[in-house]
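Student: I have a model open and a few things to ask. Can we go through it piece by piece?

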Amino acid sequence: MDLRYRMSAKFLASWGGLVAVMVFAALVQPGTFDRFSIQLITALAGCLLVASLGQNLVVMLGSVDLSVPALMTLAAALNVHLVGSMGGIESFIVTLVVCSAISALSGALITYLRVNALIVTFSMNAIVAASLLVWLGQSFSSTGTTADWLHSFATGTWLHVSMLFWVALMIAAATAAVLSRTRPGRRVAAVGANRTAARMLGSRVGLVTTISFAVAGSFYALAGLFVAGLVQTPNPGLGNPYQLTTITVVAIAGTSFIGGSSSIAALLAATLLLTTLNQVLALQNLSAGALYMVQGALLVVAVSLSSWSSLGRSGLQRMRAAFGTIRTPA
């Protein structure tokens with residue numbers, strides 16, 4: 001992924017959209033940029049960015065992951081459940097390993113058994129969510145609260161910006177470096193762009209897919225822990241908003257849903273765009289339903305623009321010619 005490709009028009013669009021949203025917020029709801037609002041926006045953006053990094057990895061492979069909500073909720077539930085029996089480091093490691101293993105299983109089913117990704121991840125989401133309710137119930141433990149260290153970290157700030165956002169930035173930078181500067185990282189985009197060609201060039205497609213899903217699972221676990229630390233008393237619906245939201249962020253960032261390269265910088269811009277827009281709408285006292293409608297509309301627009309850009313100039317000319325033929329009377 002060279003710089004010129006990563007900064008093409010489809011990846012720059014998210015930055016243009018972010019600027020437009022900020023101008024809109026300044027005009028419509030100036031309170032969006034006060035100190036406490038910025039802390040909230042950056043905290044939520046940190047959670048969303050980490051979760052979207054996982055979804056982005058899966059989309060780069062040409063798949064979509066619908067198990068995000070359950071894995072995020074599982075991470076929060078494990079932290080709450082283990083807070084009294086394990087130390088912070090031990091429970092953190094257990095959470096990452098469990099979520100990574102479940103996601104890796106999804107990747108293995110998809111690549112080795114050739115089961116449709118939507119079916120596998122949707123089923124895994126349902127199985128994990130149902131198992132959590134049967135095992136731990138609604139509160140996950142007798143107290144129902146996350147570890148004190150996690151809550152203190154999640155609510156901390158530096159320069160009036162949430163610590164979650166600073167950590168998410170470091171994770172995003174590390175992910176970008178791996179994807180663009182290492183051979184295993186570049187293989188993710190290669191497998192997504194053309195599995196047959198990647199296999200002929202020596203890439204172990206099954207292993208790349210399984211490991212990518214495992215890494216995505218660890219991102220979902222981190223995002224779930226971040227959200228759990230923010231709310232302190234997580235519930236079984238903790239991860240539900242992130243199923244549509246992560247897909248929307250990836251679409252706005254310009255990542256093709258048929259697989260291939262992506263830009264982590266564009267993903268960051270898309271995360272801030274969506275989080276800021278949600279804050280503006282929330283300050284306007286719009287309902288949660290209205291927020292989902294806006295996200296759905298953004299997803300349709302982003303995917304449409306991505307499809308048009310993938311056609312290229314010759315493809316658009318053929319489309320215009322086809323429409324012209326249709327409109328021409330016999």
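Student: What do the buried residues of H8 pack against?
Tutor: This is a predicted model, so take every value as computed from it. The buried residues of H8 pack against H3, helix H7 (148-154), strand E2 (161-162), helix H9 (183-193), helix H11 (205-231) and helix H13 (264-283).

Student: Which residues of H8 are the buried ones?
Tutor: Leu164, Phe165, Val167, Ala168, Ile171, Ala172, Thr175, Leu179 and Ser180.

Student: Why would residues a few places apart point the same way?
Tutor: An α-helix has 3.6 residues a turn, so residues three or four places apart point the same way.

Student: How far apart are the end C-alpha atoms of H3?
Tutor: They are 36 Å apart. H3 runs over residues 35-60, and at 1.5 Å a residue its 26 residues should span 38 Å, so the two agree.

Student: What follows H3?
Tutor: Gly62, whose phi is positive, near 90 degrees.

Student: Take Ser37. Where is Ser37 found?
Tutor: In helix H3.

Student: Is Ser37 buried or exposed?
Tutor: Buried, because its relative accessibility is 5% and the cut-off for buried is under 20%.

Student: What does the Ser37 side chain join up with?
Tutor: The side chain of Gln279, through a polar contact of 3.0 Å. Leaving aside neighbours within four places in sequence, Ser37 is in contact with Gly31, Thr32 and Gln279.

Student: New topic. Which residues lie nearest the centre of the largest pocket?
Tutor: Leu44, Pro241, Tyr242, Thr245 and Asn278, out of 20 residues that line the pocket.

Student: How much space lies in the largest pocket?
Tutor: About 610 Å³.

Student: Which helices each supply at least two residues of the lining?
Tutor: H3, H11, H12, H13 and helix H14 (288-327).

Student: Now the backbone. What is phi of Leu159?
Tutor: Near 60 degrees, a positive value in a residue other than glycine. Leu159 sits in the loop between strand E1 (157-158) and E2. Leu159 is exposed, with a relative accessible area of 58%.

Student: And what about phi of Gln232?
Tutor: Positive too, near 70 degrees, and again the residue is not a glycine. Gln232 is in the loop between H11 and helix H12 (242-252). Gln232 is partly exposed, at 27% relative accessible area.

Student: What is Gln232 in contact with?
Tutor: Gly144, Thr145, Thr146 and His151, leaving aside neighbours within four places in sequence.

Student: Last one. What pLDDT does the chain average?
Tutor: The average is 86, and 88% of the residues score at least 70. Over residues 1-6, though, the pLDDT is below 50. That stretch has eleven contacts in the model beyond near neighbours in sequence.

Key:
Residues are numbered from 1 along each chain as its sequence is written. This is a predicted model: local features need pLDDT of at least 70, side-chain atom pairs count only at pLDDT 80 or more; totals for chains, interfaces and linings use all residues. Side-chain values use heavy atoms; hydrogens and water are left out. Helices (H or I, at least four residues) and strands (E, at least two) are DSSP runs, numbered from the N terminus. The expected span of a helix is 1.5 Å times one less than its number of residues. pLDDT is the predictor's confidence in each residue, from 0 to 100. Contact means heavy atoms within 4.5 Å. Buried means under 20% relative accessible area, exposed over 50%, partly exposed in between (1.4 Å probe, protein chains only). On a 1 Å grid over the protein atoms alone, a cavity is a set of points where a 1.4 Å probe fits but cannot get out, and a pocket is an open set with protein on both sides within 12 Å along at least five of seven lines; lining residues have an atom within 4 Å of a point. Grid points are joined across faces, edges and corners, and a volume is the space filled by probe spheres set on the points. A polar contact is a pair of N or O atoms within 3.5 Å; within protein, one must be able to donate a hydrogen and the other to accept it, and residues adjacent in sequence count only if both atoms are side-chain atoms.
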